[in-house]
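Me: I would like to learn how to read a model like this one. Can we take it feature by feature?

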Amino acid sequence: MTTSADSNALLPTQLIAERFGLDVAALEATLGAALARRADFADLFFEHRVLHSVSLDEGIVKKANQSIVQGVGVRVLAGEKTGYAFSDEISIDNLKLAAENARAIGATSDKSRSVDLRGTPTAPRHDLYPVESSALLPSLTDRAALLSRVDHAARSFDPRIKNVMASVAVEDKVVLVANSEGDLVADHQPLLRISVNCIAEDGAKRQQGSAGGGGRVAFGFLIDGEERALGFAREAARQAIVNLDATDAPAGEMNVVLGPGWPGVLLHEAVGHGLEGDFNRKGTSAFAKLLGESVASELCTVVDDGTIAARRGSLNVDDEGTPTQRNVLIEKGKLCGYLQDRLNAGLMGVPATGNGRRESFMHYPMPRMTNTFMLAGEDDPEDIIRSVDRGLYAVSFGGGQVDITSGKFVFSASEAYRIEGGKLAGPVKGATLIGNGPDVMKRITRVGSDLALDDGVGTCGKDGQSVPVGVGLPTIRIDGITVGGTQA
Amino acid sequence: MSTHDGSTTDLVDLALETARSAGASDADAVYVEWTSGAALVRLGEVETVKMSRERRLGIRCFAGKASAMASTADLTGDAIEPFVRSVVEMASIVAPDPDSGLPPASDLAADAPELALADEAGDSISPDDRVRLATRCEAAALGVDPRLTNSEGAEFSHSGSRIAYGSSTGFRGRYRTTGYGISVAPVATDGDEMQRDSWSDSSRAYARLAEPESVGRIAADRTLRRLNAKKVPTQTIPVVFDPISAASLLRHLASAVCGGALYHRASFLLDKMGEQVASPDVTVIDDGRLEGGLASRPFDGEGLATRRNVVVEDGRLASYLLDSYSARKLGMSSTANASRSVGDAPGASPTNMYMAAGEHSAQDIIRSVDKGLYVTSLSGFGVNGVTGDYSRGAGGLWIENGELTHAVEEVTIAGNLLDMFRNIEMVGSDLEFRAGICAPTLLIGQMMLAGA
């Protein structure tokens with residue numbers, strides 16, 4: 001890292017001193033102490049995060065908010081055991097105390113071991129989001145002015161838009177990982193997100209629509225060219241207006257076409273979580289022991305890629321300091337890999353895949369997704385819709401959930417249309433789609449050429465930890481999935 | 001670095017005094033200290049031990065009718081002043097909001113009742129004790145049946161917090177809470193089929209926490225009964241919600257009666273005050289002062305005395321849940337439901353909210369159904385709070401001639417929340433205060449089930 005020419009690159013040693021008031025020797029001593037019982041590995045995760053948000057409602061920029069989060073987590077691994085302690089007071093005394101607490105999992109008393117932090121990266125570091133802090137966060141006045149333009153754009157879309165709630169959140173985060181193998185890695189992780197929610201009213205009918213986007217980008221992302229932020233405003237307004245005319249959704253098994261982009265949440269729920277290393281090591285995933293087996297139709301190649309520049313789910317290094325990579329999970333229908341953090345990779349005897357992530361210093365890492373998507377196929381998206389005589393075309397989703405043990409997953413449409421005679425008919429109310437991961441993936445019979453990634457709003461929750469993620473999908477056809485409407 | 005190590009209210013005083021001298025017209029501040037410890041045991045071995053300590057200070061500053069919020073974990077003596085000054089400056093940039101402001105001093109809580117929220121008895125529980133309790137819980141679960149071959153583990157956790165709140169109108173208050181929790185998630189296997197379920201208990205008092213063995217046995221039963229699950233055909237049927245899934249319905253009702261959803265015009269209960277929004281058998285209470293309640297507190301996030309609000313009385317919508325901001329927006333009075341995280345402005349949310357117990361045993365309710373679904377799990381986010389449209393994944397047991405038969409999975413149930421609450425035909429007598437929001441077993445006359 002010290003050799004990088006990137007002006008934005010962080011010098012870990014300088015960071016420890018400036019942000020946390022410590023030196024490398026203090027870290028080495030803490031790691032050594034953490035290993036004092038019979039432990040295999042120890043790491044320290046330092047975090048300093050400032051979150052700035054501003055929000056608008058009823059045409060007024062009502063709220064401005066700032067939070068400063070900082071702290072350190074100490075982890076000790078011994079076999080399958082994890083000891084974890086954290087503190088938001090970063091001092092040598094607290095580090096020592098945390099190390100003592102974390103090493104409580106060790107069985108036998110032993111002497112402190114010595115650790116030598118090299119301060120040099122073990123693998124080439126990506127530089128996926130070279131954003132200066134100053135370009136990430138313009139003045140509060142500028143951010144407030146953008147929200148007022150967003151409000152205007154949504155209301156001008158249609159007079160039936162009665163309220164607009166919009167917010168811009170900017171996260172400026174610095175992390176530093178030091179471990180007992182001598183790795184010392186730092187990363188600066190910017191994150192920007194705009195969210196727009198519109199309420200439409202027409203007589204007694206009321207509906208909502210939402211849109212948003214962002215990524216690990218400078219604020220300019222929202223205001224470049226034709227002002228991308230205003231596009232999100234109009235999109236949220238459009239969805240609310242479309243839904244005013246939505247009729248009851250159908251109920252039962254039918255053919256469903258998913259539009260490109262955000263409907264990739266299907267992959268996140270149907271296969272992504274089930275392929276996380278922890279569940280497979282423990283044998284509690286429906287995908288356990290299926291490596292090399294067919295788990296999807298031959299048209300499906302699914303990838304988790306943490307290395308796409310500027311995306312919300314991307315990272316230069318994961319939260320254990322491992323560089324992220326592109327991992328092929330399913331290739332032409334065959335299961336070919338799991339998502340791994342250090343602990344589970346070690347126990348399963350495979351390499352870590354750069355998927356060890358955590359919400360903050362208050363949490364220990366777990367295998368998590370980054371940007372998960374299906375590669376494009378060859379079909380014309382319009383042909384795919386034409387191929388369905390009677391079914392559902394879903395283009396936007398609220399969110400999903402999966403029971404990784406039974407493999408059952410759900411995801412809920414927030415904008416969908418009936419397909420009748422190969423043509424799009426009227427909009428239908430939101431409905432939940434439910435299926436079994438491996439079963440539904442085998443029912444994918446058409447894959448479009450129009451792969452798109454989502455706009456950058458996804459957040460994934462697992463065991464109470466939230467992390468930003470991305471999804472993507474080309475238009476696909478699923479032959480027979482249960483749609484949970486109210487109309488038989 | 002010198003850390004300010006005075007008492008909790010000293011920090012609140014310091015923040016408020018700094019805000020005043022920086023030019024804020026009004027301010028309020030929250031300080032929270034939180035410690036926790038947990039042990040996770042899986043297949044009889046310790047898998048994870050966790051220990052933590054956090055402290056945060058949050059402050060809201062007003063510049064007339066404009067306000068800004070911030071929170072920080074950097075509580076060193078010389079960090080607080082620039083931090084508070086930056087919030088005052090932010091407030092001067094935000095647009096004035098005519099409805100903003102602190103509640104009047106005359107409304108502030110004058111009493112501070114002892115609500116049994118903290119129990120020091122658990123302070124003597126050592127990290128090794130946590131491991132032993134979790135081990136007992138998991139062993140009890142896995143011992144029930146040989147088909148319970150795997151586990152996501154059992155966890156015992158213990159937490160404590162100190163909360164202080166003060167405002168420039170003169171309020172100062174503080175209280176302590178403790179929490180004890182135990183949970184286990186066994187996995188059952190039968191042929192190619194694998195099912196997982198869980199059970200847990202939590203309490204403010206260690207002595208009132210369920211025995212580890214009883215939590216384990218309930219988790220085992222819930223997991224085993226999911227085996228041999230089938231998808232059933234699409235049809236319209238009566239649905240019985242067990243207390244856990246019934247509580248989730250009440251959470252949707254809670255969101256719809258909270259001030260934020262109402263003044264945003266984003267609630268399916270908008271303009272329904274006084275109307276019949278549920279069956280006459282339904283009464284819903286929100287009580288912020290339930291003794292030992294998991295969501296009890298002596299005062300709300302703005303210093304108002306918490307109280308008991310009847311939200312739905314014999315099916316009629318009787319009260320919204322409001323903080324002082326949403327109350328002003330709606331031309332009403334706060335119901336003392338302001339809740340706030342350290343870093344956010346207050347917003348209305350429920351405290352201990354429950355549906356009053358009815359007369360019927362769960363068994364009688366199931367017996368009354370000729371053919372229908374007994375729901376024990378729900379999944380997904382298919383609830384539209386604006387319209388009340390409801391569509392979620394469901395799992396449970398099929399009811400045939402009043403008897404529970406085989407397990408059901410991979411189906412959805414759908415309807416509209418307003419219709420669903422009005423169609424509640426039976427309310428169970430089995431209310432237990434297991435969480436902040438609780439309900440007894442419920443029977444809803446008719447819903448659309450989508451399946452095979």
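Me: Which residue of β2(B) does Gly83(A) stand opposite?
Reply: Keep in mind that this is a predicted model. Gly83(A) stands opposite Val49(B). The pairing crosses from chain to chain: β3(A) is joined to β2(B) by six bridges.

Me: Do β3(A) and β2(B) run parallel or antiparallel?
Reply: These two strands run parallel.

Me: How many residues of chain B are in contact with chain A?
Reply: On chain B, 60 residues are in contact with 69 residues of chain A. Next, look at the elements that supply them. On the chain B side, those giving two or more residues include α2 (77–93), β4 (148–167) and β17 (403–416) of chain B. The most comes from β2(B), which gives 11 residues.

Me: What is the make-up of the side of chain B that touches chain A?
Reply: Its residues divide into 24 nonpolar, 20 polar and 16 charged.

Me: Now chain A by itself. Where do its domains lie?
Reply: The domain assignment gives domain 1 as 12–244 and domain 2 as 251–484 of chain A. Their centres, taken over C-alpha atoms, are separated by 23 Å. As for contact, 40 residues of domain 1 of chain A meet 27 residues of domain 2 of chain A.

Me: Which elements give two or more residues to the domain 1 side of that contact?
Reply: Among them are β1 (41–57), β4 (161–179) and α7 (228–244) of chain A. The residues on this side of domain 1 of chain A divide into 17 nonpolar, 13 polar and 10 charged.

Me: Why does Gly59(A) count as partly exposed?
Reply: Count neighbours. Buried needs 20 or more C-beta atoms within 10 Å, and exposed means 12 or fewer. Gly59(A) has 14 C-beta neighbours inside 10 Å, so this residue counts as partly exposed. Gly59(A) lies in the loop between β1 and β2 of chain A.

Me: Last, helices. What describes a packed pair?
Reply: Two packed helices are described by the angle between their axes and the distance between those axes. Take α3 (residues 127–142) and α4 (residues 212–224) of chain B: the angle is about 35°, and the axes are 7 Å apart.

Me: Is the crossing of α3(B) and α4(B) left-handed or right-handed?
Reply: The crossing is right-handed. Residues making the contact include Leu133(B) and Cys137(B) of α3(B), with Val215(B) and Ala219(B) of α4(B). The contact residues divide into eight nonpolar, one polar and four charged.

Key:
Residues are numbered from 1 along each chain as its sequence is written. Chains are lettered from A and ligands numbered from 1 in the order in which they are written. This is a predicted model: local features need pLDDT of at least 70, side-chain atom pairs count only at pLDDT 80 or more; totals for chains, interfaces and linings use all residues. Domain bounds come from an automatic or database domain assignment. Two residues are in contact if their C-beta atoms, placed from the backbone, lie within 7 Å. Helices (H or I, at least four residues) and strands (E, at least two) are DSSP runs, numbered from the N terminus. Ala, Val, Leu, Ile, Met, Phe, Trp, Tyr, Cys and Pro count as nonpolar, Asp, Glu, Lys and Arg as charged, and the others, Gly among them, as polar. Two strands pair if DSSP finds at least two bridges between them. Axes are lines fitted to C-alpha atoms, for helices over the stretch in contact, and angles run from 0 to 180 degrees between N-to-C directions. A crossing is left-handed if the near helix is turned anticlockwise from the far one by less than a right angle, and right-handed if clockwise.
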